[in-house]
Amino acid sequence: MAKMTRKEFLNAPDEFVTTTSTVLKWIKENPLRLAIITVITVTLITSGFGFTYWKSKRENHAMLAYNTAYNNTQMSLQVMQDYADTKAGKLSKLRLASLSYGQKDYAMALNYADDFINGWGQEDLFYWQGILIIASSNIEQNTAENALPPLSDCIKNAPENIRDQALFYNAQALMKLDRRDEARESLVKISQNYQDLAKISLAMLEKHPGETTDAKQ
C-alpha cells in the first residue's frame, strides 16, 4: 500500500469538517423537521424520567402499605389488589398464603402460593418459601404426590436452611404415600441444624410403622 505524502495528507479533506458542513446544511434546509425531532426526543427523555420517578414512588408507597398491613389478612389483601404490579403487591400473595396455611385453609394457601410463584420471577428466599407452602398444603390436603416435584426442585437448588425443611416435608409426603424407606433416606440427609427434628421423626417412624408424623413445624 502506497504511503500518503505530507502534502497529500495536508490537502486531504477533513472528514469532521465535511460531516459537520453536511449536518449544518441539512439543519438549515429542514428547520421544521429538526424542531419535530427535538420535541420528540425531549418528550421521550422527560417521559422516561417521569415514569421512573412515578414507579419508584409507587414502589415505596406499596412497601409502606405492606409493612403496615403486617399479618392482617384484610389489609394484606388490599395491598395485593391496589399494588398488584409492585413487589409489595406480589409479596402480599406470599403473606396471604402463609396466613391461610396458619388458618388451616390449605386450598387457599395453595392458590395464593401458586400465584406468587408464577409472578415472582426469581429463585430467592421468598420463592422457596412459596414452594414449601405449596408442598405442605398438598400434604395437608392428602395430595402428597403433588408435593414431591416442587420439593425435589427445592432440595436440589435451595439454600441449606430451606433444603433441610424441604427434606423434612419430603419425608412427610413419602410417608403419606407409604414409601417409608425413601422417607427415612430423606430424613438422614437433613443437616445438623435440623437434626433434632429429623431424629424425632426417625424415632416415630421406627416406633409407629403404620403412622406418619405431623408436617407442621
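Which residues are exposed on the other side of helix 8?

## Helix 8 and its two sides

Pro149 and Lys156 are exposed (over 50% relative accessible area, with a 1.4 Å probe and protein chains only) on the other side of helix 8, a helix that spans 148–157 and, like every helix here, is a DSSP run of H or I with at least four residues, numbered from the N terminus. The model is a predicted one, in which local features need pLDDT of at least 70 and side-chain atom pairs count only at pLDDT 80 or more, whereas totals for chains, interfaces and linings use all residues. Residues are numbered from 1 along each chain as its sequence is written, and side-chain values use heavy atoms, with hydrogens and water left out.

Buried residues, meaning those under 20% relative accessible area, are Leu148, Pro150, Leu151, Cys154 and Ile155 in helix 8. They lie on the same side of helix 8 because they cover an arc of only 160 degrees around the axis, the arc being that of the directions from the helix axis to the C-beta atoms. These buried residues pack against helix 7 (125–140) and helix 9, where contact means heavy atoms within 4.5 Å.

## Asn170 in helix 9

Asn170 is found in helix 9 and is buried, with a relative accessible area of 13%. Leaving aside residues up to four places away in sequence, Asn170 touches Leu148, Leu151, Ile155 and Ser186.

## The second largest pocket

Asn170 is also one of the residues that line the second largest pocket, among them Leu148, Ile155 and Ser186. Helix 8, helix 9 (160–176) and helix 10 (180–188) each give two or more residues to this lining. A pocket is an open set of points on a 1 Å grid over the protein atoms alone, where a 1.4 Å probe fits, with protein on both sides within 12 Å along at least five of seven lines, and lining residues have an atom within 4 Å of a point.

The lining divides into four nonpolar, three polar and four charged residues.

## Helix 6

Helix 6 has 15 residues and reaches 21 Å from its first C-alpha to its last. Its buried residues include Tyr106, Leu110, Phe116 and Trp120, and what covers the buried residues of helix 6 includes helix 4 (73–82), helix 5 (87–102) and helix 7. Gly121, whose phi is positive, near 85 degrees, follows helix 6.

Key: Ala, Val, Leu, Ile, Met, Phe, Trp, Tyr, Cys and Pro count as nonpolar, Asp, Glu, Lys and Arg as charged, and the others, Gly among them, as polar. The expected span of a helix is 1.5 Å times one less than its number of residues.
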